[in-house]
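This briefing covers the sheet, the helices beside it and the ligand surroundings. Please look at the sequence and structure first.

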Amino acid sequence: MLEFSRKETGRREVVPVAQVIEEVIQLKRLQRRGREVPIDFVAGPGDLAVHVCRQQLKQVLLTLFNNSEQAIPTSRADGLIRIAVASFRDRVQIFVSDNGSGIPPELQKQVFDPFFTTKAPGEGTGLGLSVAHAIIEAHGGSLWLADSTSRGTTFAIELPVADASLESAPPPALELIPPSALSGRILLVDDEPNILEALTAFLQLSQLEVRTAGNGHAALELLARENFDLVITDIRMPGMDGLDLYENATRLNRSYERRFIFMSGFLLGTSVKTRLAATGLPYMEKPFSLDEFRRMLDRALPEKTAVA
Ligand SMILES: Nc1ncnc2c1ncn2[C@@H]1O[C@H](COP(=O)(O)OP(=O)(O)OP(=O)(O)O)[C@@H](O)[C@H]1O
Ligand SMILES: [Mg+2]
């Protein structure tokens, strides 16, 4: 899992494309768990660079590499991921191809939908590509499925080429912060690490500061030590569930009464529904779209502070 820290995230810099690809290939090598799908990388002509948040671009590449790797059956000895970089006019393209199982034509339209997954429960959240898409769009680029047949799949990323002069003269603050930036500190609580990772990346796109907890107890510890504008918690978690967490948090500090949003992926039992209704708080049912998620944040967070 990638590590996110506030300092690194959201800040855009001029990043050589080949370098960031190499970094992610390195990261994949370190992460290997007994499985080695070779990654073949052909650097394009010249030193192409993009103006991006390095951490976020790495997250996108990692999502694509992981998907490719997961599409290649473990039984296959000739599995290969191939990366190519090209440029056209003032745009850079990064192609990530694999010779995996491919995506059936009838499913190709859905791969960017949040929570769309063909993986077993617990193995995929279906948030990888939707968050990757949001990240690339936020950088003025596009991410699309370029090709997929039973012989393999290619995804393409396109980003504006960075102006080399940006390195010495940082762009004005307005460019650093998307016009839709929100402000606030968020505590995200879910027992599924992939959900935490993907939603964190999405929240950080809006310049929000995010802390995460993998269970109710860890969340409560953070709530006792730090102050948050909003707590977004899964309801179903082993041990202390999201509603227990809410009760404990409000006992700790009454002001949390209005600062919770609940999420859940399963049909809820009547008793849980009753407890949820009693809080009078917003509830997001998975699958939700990232736009819905974003609108929920808009309503829940304090007024944005004007960008100086
Ligand atoms: N390279 C690929 N080859 C074949 N299928 C793919 C590929 N990339 C994505 N898919 C399909 O798109 C779906 C959605 O991908 P996405 O990354 O959004 O979620 P996921 O991989 O299922 O879960 P997670 O986000 O937790 O990794 C996958 O479940 C898979 O069916
Ligand atoms: Mg994925």
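Isoleucine 83 lies opposite valine 96, a residue of strand 5. Strand 4 (residues 81-88) and strand 5 (residues 91-98) run antiparallel and are joined by eight bridges. The model is predicted: local features need pLDDT of at least 70, side-chain atom pairs count only at pLDDT 80 or more, and totals for chains, interfaces and linings use all residues. Residues are numbered from 1 along each chain as its sequence is written, while chains are lettered from A and ligands numbered from 1 in the order in which they are written.

**Sheet**
- An open, mixed sheet is formed by five strands in the order 2-4-5-7-6 (strands pair if DSSP finds at least two bridges between them; strands are DSSP runs of E, at least two residues, and helices runs of H or I, at least four, numbered from the N terminus).
- Strand 2 (39-42) and strand 6 (142-149) are at the edges with a single partner strand each, so one side of each has no neighbour in the sheet.
- From one strand to the next, the twist averages 20° (axes are lines fitted to C-alpha atoms, for helices over the stretch in contact, with angles from 0 to 180 degrees between N-to-C directions).

**Helices on the sheet**
- Helix 2 (residues 54-71) packs on the sheet and touches strands 2, 4, 5 and 7 (152-160) (contact: C-beta atoms, placed from the backbone, within 7 Å).
- The direction of helix 2 makes about 25° with that of strand 5.
- Helix 3 (residues 128-138) touches strand 6 and strand 7, and its direction makes about 135° with that of strand 6.

**Ligand 1**
- Of the 24 residues around ligand 1, Asn67, Ala71, Thr117, Gly124 and Gly128 come nearest (near: C-beta atom, placed from the backbone, within 6 Å).
- Helix 2 gives the most to this shell, five residues.

Note on methods. Two residues are in contact if their C-beta atoms, placed from the backbone, lie within 7 Å.
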